[in-house]
Amino acid sequence: MSVLVYTENWDGKFKKLSFELVSYANEIAKKLNTSVVVVSIGNVGEEELKKLSNYGASKILNANNEKLNGLNNQAYTSVLAEAVAKENATVIVFAHNNSGKAIAPRLSVRLKAGLATGVMTLPSSTEPFTITKKIYTSKALANLVIKTPVKIVTLLQNAFGLVEGPASGTIEQFNPELKDSDFKTKVVDVNKVTGKILLSDAEIVVSGGRGMKSGENWGPIEELAVLLGAGTACSRPVSDEGWRPHEEHTGQTGKIIAPNLYFAFGISGAIQHLGGISGAKCIVAVNKDPDAPIFEAADYGIVGDLQKVLPDLISAVKELKAN
Amino acid sequence: MNFEFTEEQKMIQQAAKDFAERELLHDVIERDEKSEFPAEHIKKLAELGFLGMMTDPKYDGGGMDTISYVLAMEEISKVDSSVAVVMSVCNSLVIWGIETYGNEEQKQKFLRPLASGQKIGAFLLSEPEAGSDATSQRTTAEDKGDHYLLNGTKNWITNANSASTYIVIAQTHPDKKHKGINALIVDKNSPGITLGPHENKMGMRSSDTHSVMFNDVIVPKENRIGEDGFGFPFAMKTLEGGRIGIASQALGIASGAFERALKYSMERKAFGTEIFNHQINAFKLSDMAVKIENGRNLCLKAAWLKDQHLPYGTASAMAKQYCADMAMEVTTEAVQIHGGYGYVKEYHVERLMREAKLTQIYEGTSEVQKIVISRSLLK
Amino acid sequence: MKILICISNVPDTTTKIKFVNNTTFDNAGVQWIINPWDELALTRALDIKDAQPGVIETITVVTVGSQETEPTIRKALAIGADKGIRVNAEPKDTFFVASQLAEIVKKDNYDIVICGIESSDYNGAALGGMLSELLDMPSVSAVSHLDVINGQVQLKREIDGGQETVEAQLPFIGIVQKGIAKEPRIPSMRGIMMAKGKPMEVFEGVGADSFTEFVGFDMPKPKAACKKIDPENVKELVNLLHNEAKVI
């Protein structure tokens, strides 16, 4: 028996998210009296792989094959299915991000393993396997029972955090069988934005809404983001107006994020927007309308004029950083 | 009796609501302030078929019933009455008039582009000295054998500048008084037509209202609607339907203001609680809700009668008078509930209040509706 | 080319969510809509069809649910889909729904099947993947751009911090996300009228397992009240974020 984790890498490196997944799997493994096996697909150095052991990886299956460069839903599913069989895994953990969402459902069908997506906690019981997830875009919670012998979960980012728990971390080369029939899609080009903090990675997110009045007024938001090492985001009207790219749209139909700190400048806080940020640990809202619903969701609020508050905030942060 | 809307009616209502919220809301305040005609917005509305929504599909119309029209008018008017009035004038006055009383040739030539929304229309009845009293027309349409020669001035003409097709009510036989009046379809680009300046109005500021002057304008005889002298009954019949449009507009203004006031009352706190929890506000909102429900029922009743081909003149007058007066009351209370915020533009209710006022005045003042209603009591 | 769009009937996104006894969703007064991601998928398919008349033969929409979901299908027809299919079955879980849809896909030769990346009710984000696996079809998920050029499908997929251009053999399943189309369409009067005459087929559901079961619902705990800070004293905010919340 084992708990299996799929950890994605980004140009050969893991992120906090990867270690969070292993930490989470390790806690489940403890409940089941078993251990954690991690599957890594792609070219990752031994030193980087070894880092996974700090969070509880007993074994690391390293599937490094050129054919597996670039996410291929069918091929990756086959790799993971083989790993599950080999390691006799009963629980499989993915991140609730684009690759998790791409592979986990296919694996669920292939293994006849029930799937709980977007979970935020450890299972409240392992028999029956009961787990809580957000539904209606965070407006409600549901308890879901997975009825099948093998269970798959996708974990929301930042929902669990990091828990150190050193384990042996034996690295094992893994050469799964690759069938040509699995390669019906091909990545032909990759276009990455570099030098910017990704919204999905950002611990702090600075976000603006329609109250910013125009895309040309984003200077202070970007300045504050740079100061804090934060990512930038926006509300839906802003991306619809084309003031900011749609990748920044945070909310029900855009990105769902869970940073430690979220700044909402000139965002009224429509229910669809709140759905996308309710996982944030701390929310700061600045809005001139004292009745804006964003203040219901916020931990700290300033009712005031953005034109004045934003520059003041920037200088206050500069002062803090200087000390 | 059945108070349930059909699936189709609900879909039209939702489509109008989506349109209003997506296309109109974002710049309505700015357009109102600048008195800017919503040409692009109207184009989109026309593409969706809202300008000729009740016209027979064989003339490129939407083929929908009057109930659907009421629902759509309410939704558009919740957000922007300057757009709603274009919809009302096109549907109820110009298009309905030509479809109901025009001949086949006129329908092919004029109705088709109007019903499909490629062109918009205007209805020219009011004069400097003949507003609600439509019998005393001073504009003349002199019979010149194969054409009419049009002279005179029309006032307060909605869509005057943006319309391509006018229906002009004018006197041909002054000796016959109202029996000598004709209704003519006039191409707006005809030589001899000039417009007065854009009226700087209190509300519905982005609707394009002008006076129109006719100076020896030649109108072909085949553009006359109906028999010689049919103009007055034509205008009166057309206005009966027009009242349903304006009543629904007033209804929408009221329900738009009500929805905002209700939302505000549940968010705004005073004395430690949401102001809705102060009974004076709760009761205010309760009164507003009852009035709106009454108004809606009057509009739907008039629409239903029209759809059943039953007489609806009195019902539409009742709907128009009640909804217009009710909209004025409801919007005033909505501003009051908003307090100081209600008096500034960003909260929309002051604009709705300004818009409500016009519904008591145009297409027959509330007083004229009372004349119509009271006369019907004697029958 | 034939396109199939899988649509889900969900409560309007502004709905106040309530449960009866924490066991059943309270659907009193709820307005139902096409799941926003599915509606964007449909919008994109219609855009492609409009831009290249003749290339796309039909756009079919399918949903799994009781008769009460038919207005949602008809809305899709009013927007411009050519044909509607309803599988008469009460959805149990995503696997169950995917199993029903797999039967529908097998009935016809669809070149492209499109699913929204998730539904706004249970946020499963699994349907498209499950359907692909059941049919052994290639899938690409998080697709933010889809085009048909000379009979070939061109795709862009969102990845962390960028985009990949992906080629896929037909038939394939596209799992689409925001960006795939700008804004959903509003049905026109003509569209609403024509929807009445468009075909709507109803198939009985097939027996299928469910892997999971919802056993109870709850509302999130209310947040503590927002601490208001004087706009003249922004320093205080930074101080609180640093010393109290410890987030900067």
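Trainee: In β15(C), which residue is the bridge partner of Y300(A)?

Mentor: This is a predicted model, in which local features need pLDDT of at least 70, side-chain atom pairs count only at pLDDT 80 or more, and totals for chains, interfaces and linings use all residues. Residues are numbered from 1 along each chain as its sequence is written, chains are lettered from A in the order in which they are written, and side-chain values use heavy atoms, with hydrogens and water left out. Strands are DSSP runs of E of at least two residues, and helices are runs of H or I of at least four, numbered from the N terminus; two strands pair if DSSP finds at least two bridges between them. Strand β16 (residues 300–303) of chain A is joined to β15(C) by three bridges, the strands running parallel, and the partner of Y300(A) is K227(C).

Trainee: What area do chain C and chain A bury between them?

Mentor: Contact, meaning heavy atoms within 4.5 Å, links 79 residues of chain C with 88 residues of chain A. Buried area is the accessible area (1.4 Å probe) that two parts lose on being put together, summed over both. Of this area 57% lies on carbon and sulfur atoms, and the total is about 7200 Å².

Trainee: Which residue of chain C forms a salt bridge with R106(A)?

Mentor: A salt bridge requires a side-chain nitrogen of Lys or Arg within 4 Å of a carboxyl oxygen of Asp or Glu. Chain C and chain A have four salt bridges between them. In the one formed by R106(A), the closest N and O atoms are 2.7 Å apart, and the partner is E133(C).

Trainee: How many residue pairs are in polar contact across the interface of chain B and chain C?

Mentor: Here 21 residues of chain B are in contact with 17 residues of chain C, and about 1600 Å² is buried, 63% of it on carbon and sulfur atoms. A polar contact is a pair of N or O atoms within 3.5 Å; within protein, one must be able to donate a hydrogen and the other to accept it, and residues adjacent in sequence count only if both atoms are side-chain atoms. With both residues at pLDDT 80 or more, the number of pairs is five.

Trainee: Which helix gives the largest share of the side of chain B that touches chain C?

Mentor: Two salt bridges are counted between these chains, including E8(B) with K196(C), whose closest N and O atoms are 3.3 Å apart. Ten residues on that side of chain B come from one helix, α1 (residues 7–24).
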